[in-house]
Amino acid sequence: MSGGGSVALAAKWYGFDVLAGDVAERALVVARALIGNHLRKIQPADIARLLADVAYPLDHDDISLEKPYATLLAPAAAFPEPLQSLLMLTIVNSYLHVFPMSLPSASDSRHVISRDWDRISSRRVGHYLRVLNRPIESALISGAKSVNRSVLGGRGQVIEGSALDAIRGSGSDVIFLDPPYPGTSGYDDNYRKLDLLLGDKRLPEPAPQLDELFETASDVPVVVLSYGGPSVTLDSLVSQAGRHRPVTNAIAVPYRHLKSISKEGTNEFILICSDR
Ligand SMILES: C[S@@+](CC[C@H](N)C(=O)[O-])C[C@H]1O[C@@H](n2cnc3c(N)ncnc32)[C@H](O)[C@@H]1O
């Protein structure tokens with residue numbers, strides 16, 4: 001459940017020997033580039049090689065906002081790892097910047113394709129014009145700089161596939177469970193266009209249930225759970241986790257997922273559960 005990779009990357013930075021896994025290709029690209037890779041960074045020559053054979057112009061045309069990024073992903077796939085995932089992450093970074101709040105599900109993006117500016121709020125018109133008028137090459141160069149800043153020394157590996165399978169064979173000392181929250185807008189909905197761009201044709205599957213995750217992790221000494229959503233309270237979560245193992249710390253973190261649309265006063269919860 002490594003998603004955008006922030007928790008796995010922080011753990012690597014703190015010196016943990018990290019196993020990062022996910023079912024989604026968008027998350028595995030991050031994990032291969034930043035968790036499984038310890039040294040390789042993107043050089044200006046790599047960007048030049050990526051651009052050498054692409055068909056120009058790489059403009060955002062009036063058919064889709066995806067075209068230039070799809071054009072770039074195909075040659076990126078021919079590079080060996082970890083450069084392949086580093087370049088793909090850079091392309092994904094530039095692609096996501098096209099959309100307000102980096103969400104390809106933005107409903108006004110269809111009006112951008114037809115250049116129907118009257119149907120888009122003036123603030124968002126400013127955003128779209130800025131990103132669409134920026135040459136793709138300069139977006140790639142600044143994306144590569146931010147990807148490079150996250151390449152850290154340390155130890156990490158990538159596990160592809162279901163969290164339940166990954167937990168079973170891991171022999172880990174600590175496990176960080178971060179399943180999608182019930183009753184919130186799913187990652188699969190918001191990132192469907194990105195998944196298709198990356199050739200990920202998985203059908204949306206229900207995330208593993210908390211009880212199933214705790215049971216599968218019964219041999220792991222420390223389980224850290226990050227959870228939330230409109231139907232979840234700290235008390236209900238502590239009581240559910242407590243049926244599996246002692247809860248040693250439980251905190252509510254004030255956090256609004258997508259600030260401009262989620263309600264004030266919402267929390268995420270972090271539980272540390274250990275029988276030691
Ligand atoms: C809340 S996000 C994780 C965010 C991540 N901790 C971070 O720091 O960016 C949930 C992730 O769980 C993944 N996921 C959903 N079902 C899964 C499963 N059965 N096995 C592994 N990962 C799964 C989703 O693809 C998504 O990336």
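**Burial, strands and side-chain pairs**

Author: The buried residues of helix α2 are R26, A27, L28, V29, V30, A31, R32, A33, L34 and I35. Here buried means under 20% relative accessible area, exposed over 50%, and partly exposed in between (1.4 Å probe, protein chains only). Helices (H or I, at least four residues) and strands (E, at least two) are DSSP runs, numbered from the N terminus.

Reader: What are the conventions behind the model?

Author: This is a predicted model, in which local features need pLDDT of at least 70 and side-chain atom pairs count only at pLDDT 80 or more, whereas totals for chains, interfaces and linings use all residues. Residues are numbered from 1 along each chain as its sequence is written, and side-chain values use heavy atoms, with hydrogens and water left out.

Reader: How many of the residues of α2 are buried?

Author: Helix α2 spans residues 25-35 and is mostly covered, with 10 of its 11 residues buried.

Reader: How should I read a salt bridge, and how many does the structure hold?

Author: Side chains of opposite charge can pair when their charged atoms come close. The criterion is a side-chain nitrogen of Lys or Arg within 4 Å of a carboxyl oxygen of Asp or Glu. By that criterion the structure holds 10 salt bridges. One of them joins the side chains of R155 and D17, at 3.6 Å from N to O. This pair links distant parts of the chain, since R155 lies in strand β2 (residues 155-160) and D17 in strand β1, 138 residues apart. R155 is partly exposed, its relative accessible area being 49%.

Reader: Which salt bridge involves R32?

Author: The side chain of R32 meets that of E160 at 3.1 Å, N to O. R32 counts as buried because its relative accessibility is 17%, while E160, at 53%, counts as exposed.

Reader: How are aromatic pairs classified, and how many are found?

Author: Rings of Phe, Tyr and Trp (its six-membered ring) pair if their centres lie within 6.5 Å; planes under 30 degrees apart count as stacked, over 60 as edge-to-face and the rest as tilted. A search of the whole structure gives 4 aromatic pairs. The rings of Y95 and F99 have centres 5.2 Å apart and planes at 75 degrees, so this pair is edge-to-face. Y95 and F99 are both buried. For Y181 and Y227 the centres are 5.8 Å apart and the planes stand at 75 degrees, so that pair is edge-to-face. Y181 is in the loop between β3 (174-177) and α10 (187-190), whereas Y227 is in strand β4 (residues 222-228), 46 residues apart. Y181 is buried at 18% relative accessibility, as is Y227 with 11%. Ring pairs also link Y69, Y95 and F99 into a cluster.

Reader: What is the strand order of the open sheet?

Author: Strands of a sheet pair through backbone hydrogen bonds, either parallel or antiparallel. Two strands count as paired if DSSP finds at least two bridges between them. The open sheet has 4 strands in the order β3-β4-β6-β5, with mixed pairing. Its edge strands are β3 and β5 (247-254), each of which pairs on one side only. Strand β4 runs antiparallel to β6 (residues 267-274), and 7 bridges join them. The bridge partner of V222 in β6 is S274.
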